[in-house]
Amino acid sequence: MESCDVAIVGAGPYGLSAAAHLRQLKGLDVRLFGEPMSFWERHMPEGMLLRSPWEGTHIADPGKRMTLDVYRRVNGNHRLAEPVPLKDFVAYGRWFHQQADVASDRRQVMRIELAPQGYRLTLEDGEAFCSRRVVVAAGIQPFAYRPKMFAAFPASLVTHTSEQRDFEKFRGKEVLVIGGGQSALEAAAFLHESGARAEVLVRNSTLHWLRRHPWTHSKWTAWMFYGQADVGPAFVSLLVQRPDLFRCLPGRIQDRWGKRAMRPAGAQWLKPRVNNVTIHTGRFLEKARVQGERLRVRWNDGTERLVDHLVLGTGYRVNVALYPFLSLEVLRRLDLVNGYPRLGTGFETSLPGLHFLGAPAAWSFGPLMRFVAGTEFASQALRRRILEA
């Protein structure tokens, strides 16, 4: 059976960055599995703009030779600017993959099991091989949160924002959007611009917008208040940007500041696009049932509506047990906290040689791991751990 030193499962920003960093270790056989940037291309709306700032959207490489700035310069794309369009970010990720000169096997990994010398991986065509280490960077698509009350409804009536790419099919339809975060508000904007009659329900009493204050966000002062990814409020953002320090804080402070950094909010540039969309705060659904080919819904204030479709902007809830490729034996031996793996040095789990990058690392290393900007810290820490080993 074929074998390698490190198998990376997932070719999104975290997988690509990890591969670029590990490729520099001479004599290390690294294999990358997955189609580069496939989640971003297939599960994000066409025309989407990234919420993260320019400085927080670079995929990290060891020499910083593959930043967005370099990509823009070498490709002559002078119009590329903040906010970064989805299609350009996907193109950037694929350019990064080419420049990193890391071959990727586009076959899906169907199974990861324990083996005497590490792990056995089975691919979609049945081929199997062994790897001493496995780095899971498989993204968040399996974690799309669908509240239980909507579990039985068909996709013709209820979908998650990660399942919507083209909103033109809703032209002339009554569509209700649930949520007050970026994905929900952007879905409402797309629906309105496509000719649908959209309304938004926000459970919180206030709708939050990300604001960039002219003074604290100026190029001269921003470093004193905010981390590069601009995640979280002033000063808290600086700790979020340093996961090794954030994880040393008492748990109650991590929880409070982590929630504050990740609270649902929309980018300021999105606000004008939903000015003509009706947004109800302090409202949520109490009941929904099928009526003919539509949905009859009742809000917590007793209001009833008959709608053609419901879009859930309810975000993602990490639970690595939802990764279909992890065997029961692997899951049984993982130290999990509310679905998150407890990670140590180098993002390594309680199973030696098994690492998780991206959103599953957020419980151990903080909310930065949910953003592209986290690739720098994660890839460097992973590289150091493998060097030590």
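Which residue follows α5, and is its phi positive or negative? The residue is G195, and its phi is positive, near 95 degrees. The model behind this value is predicted. The report below starts with the whole chain and then takes its parts in turn.

## Overall fold

The chain holds 12 helices and 19 strands. With 389 residues, a compact globule would have a radius of gyration near 21 Å. The chain has 22 Å, so the two values agree. Along the principal axes, the C-alpha atoms fill a box of roughly 65 × 50 × 45 Å.

Buried residues make up 52% of the 389 residues. Among contacts with a separation of 6 or more, 64% join residues 24 or more positions apart.

## Surface and charge

The chain exposes about 18500 Å². Carbon and sulfur atoms supply 49% of that area. Side chains in the chain include 53 positive and 37 negative ones. The centres of these two sets lie 6 Å apart.

## Helix α5

α5 has 12 residues, which at 1.5 Å a residue should span 16 Å. Its end C-alpha atoms are 16 Å apart, in agreement. The helix is mostly covered, with 9 of its 12 residues buried. These are Q182, A184, L185, E186, A187, A188, A189, F190 and L191.

What do the buried residues of α5 pack against? Their partners are strands β8, β9 (197-202), β10 (209-210), β11 (266-267), β12 (278-281) and β16 (309-312).

G180 sits in the loop between β8 (174-178) and α5 (182-193). Is G180 buried or exposed? Its relative accessibility is 11%, under the 20% cut-off, so G180 counts as buried.

Leaving aside neighbours within four places in sequence, G180 is in contact with L185, V202, L207, P264 and A265. L185 is one of the buried residues of α5. A265 is 85 residues from G180 in sequence, yet their C-alpha atoms are 6.3 Å apart in space.

α1 is mostly covered: 10 of its 10 residues are buried. Buried residues here include P13, Y14, G15, L16 and S17. A18, A19, A20, H21 and L22 are buried in α1 too. The cover over α1 includes β1, β2 (30-33), α2 (38-42), α4 (86-100) and α12.

α12 covers residues 375-388. Its 14 residues should span 20 Å at 1.5 Å a residue, and its end C-alpha atoms are 20 Å apart, which agrees. The buried residues of α12 are T375, F377, A378, S379, A381, L382 and I386. They pack against β1 (3-9), α1 (13-22) and β6 (128-136), among others. Further partners include α8 (243-246), β19 (354-356) and α11 (362-365).

## L239 in helix α7

L239 belongs to helix α7, residues 236-240. Its relative accessible area is 22%, so L239 is partly exposed. The cut-off for buried is under 20%.

Which residues does L239 touch, not counting those up to four places away in sequence? They are L245, F246, L249 and W257. S379 is among the buried residues of α12.

## Backbone points to check by eye

Where is the cis peptide bond that has an omega of about -5 degrees? This bond joins E82 and P83. P83 lies in the loop between α3 (68-74) and α4.

M37 has a phi near 65 degrees, a positive value in a residue other than glycine. M37 is placed in the loop between β2 and α2. Its relative accessibility is 1%, so M37 counts as buried.

D101 also is not a glycine, and its phi is positive at about 55 degrees. D101 is found in the loop between α4 and β3 (104-105). At 52% relative accessibility, D101 counts as exposed. The cut-off for exposed is over 50%.

Methods
Residues are numbered from 1 along each chain as its sequence is written. This is a predicted model: local features need pLDDT of at least 70, side-chain atom pairs count only at pLDDT 80 or more; totals for chains, interfaces and linings use all residues. Side-chain values use heavy atoms; hydrogens and water are left out. Helices (H or I, at least four residues) and strands (E, at least two) are DSSP runs, numbered from the N terminus. The radius of gyration is taken over C-alpha atoms; the globule rule is 2.2 Å times the number of residues to the power 0.38. Buried means under 20% relative accessible area, exposed over 50%, partly exposed in between (1.4 Å probe, protein chains only). Contact means heavy atoms within 4.5 Å. Accessible areas come from the Shrake-Rupley method with a 1.4 Å probe; for residues, only the protein chains shown count as cover. Lys and Arg count as positive and Asp and Glu as negative; His and the chain ends are not counted. The place of a charge is taken as NZ of Lys, CZ of Arg, CG of Asp or CD of Glu. The expected span of a helix is 1.5 Å times one less than its number of residues.
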